[in-house]
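Okay, thanks for having me, everyone.

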Amino acid sequence: MRFSISILSSFVFSIAAGTAAAQLYTITEIEPLGGESSVAHAIAPHGQFVVGEAENADGWTEAFFWAGRTMGLGTLGGRYSAAHGVSDQGFIVGGSSSGPDELPHAFIAHVRGGMQALPENPDAQDSVAYDVFPRSRTLDEAIVVGRMHLPATHSGQAVLWRGAA
């Protein structure tokens, strides 16, 4: 029985692979922020924004968004930030260091500026936001998902942040 299933799955895969049409893509290079490298992490649902992290002119890693050109988002006070999610309305989420410990703390920002830290459990060592609900219209009503690291349990904890509005 196992032998006949293997032959059938190989036959189906061969047929599916043979009928796939070639895809054409345009490549757009997203420039770093004065440094040498950049990494894209997310794209808005309608494709108008791309976010990620890039090396800046000081050699630090900084969150960026791209909308035809690369723009840095800054940090929460440290030397590291990375953007991991973006909505069509231009809300950006990620993690940024805020001081000498260089541990990331979840943030939300907008393409027009204004990065702010998301609240953390007092026992959390660090946090990162990964995605923002696409229908969030204001920072006050944003719904964000991510994780916090809790040293007492030596583990990460999934988190859902909801704005107060």
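So, look at Val145 first: it stands opposite Leu160 in β11. When I say two strands pair, I mean DSSP finds at least two bridges between them. And strands here are DSSP runs of E, at least two residues, while helices are runs of H or I, at least four residues, all numbered from the N terminus.

Quick word on where this comes from. It's a predicted model, so local features need pLDDT of at least 70, and side-chain atom pairs count only at pLDDT 80 or more, while totals for chains, interfaces and linings use all residues. Residues are numbered from 1 along each chain as its sequence is written, and side-chain values use heavy atoms, with hydrogens and water left out.

Back to that sheet. It's an open one of three strands in the order β9-β10-β11, with antiparallel pairing. β9 (126-132) and β11 (155-162) are the edge strands, each pairing on one side only. From one strand to the next, the twist averages 25°; the axes behind that are lines fitted to C-alpha atoms, for helices over the stretch in contact, and angles run from 0 to 180 degrees between N-to-C directions.

Now, salt bridges: a side-chain nitrogen of Lys or Arg within 4 Å of a carboxyl oxygen of Asp or Glu. How many does the structure hold? Two. In one, Arg147 pairs with Asp126, with the closest N and O atoms 2.6 Å apart. Arg147 sits in β10 and Asp126 in β9, so this pair ties together parts that are 21 residues apart in sequence. Asp126 is buried at 8% relative accessible area, whereas Arg147 is partly exposed at 26%.

The other joins Glu102 and Arg79, at 3.9 Å from N to O. Glu102 is in the loop between β6 (91-97) and β7 (104-110), and Arg79 is in the loop between β4 (70-74) and β5 (81-86), so here the linked parts are 23 residues apart in sequence. Both are partly exposed: Glu102 at 28%, Arg79 at 45%.

On to the inside. A nonpolar core, for us, is a set of buried Ala, Val, Leu, Ile, Met, Phe, Trp, Tyr and Cys residues joined through side-chain atoms within 4.5 Å. The largest has 15 residues, and Val51, Phe65, Leu73, Ala83, Ile92 and Phe107 touch the most other members. β3 (61-66), β4, β5 and β7 each give two or more residues to this core. There's another core apart from it, of 14 residues, including Ile108 and Trp161.

Last stop, β3. Five of its six residues are buried. Six bridges join β3 to β2, residues 50-56, antiparallel again, and Val51 has Phe65 as its bridge partner. Four residues lie between β2 and β3 in their hairpin, where Gly59 takes a positive phi near 85°. β3 also makes a hairpin with β4, with three residues between them, and Gly68 in that turn has a positive phi of about 95°.

Key:
Buried < 20%, exposed > 50% of the residue type's maximum accessible area, 1.4 Å probe, protein only.
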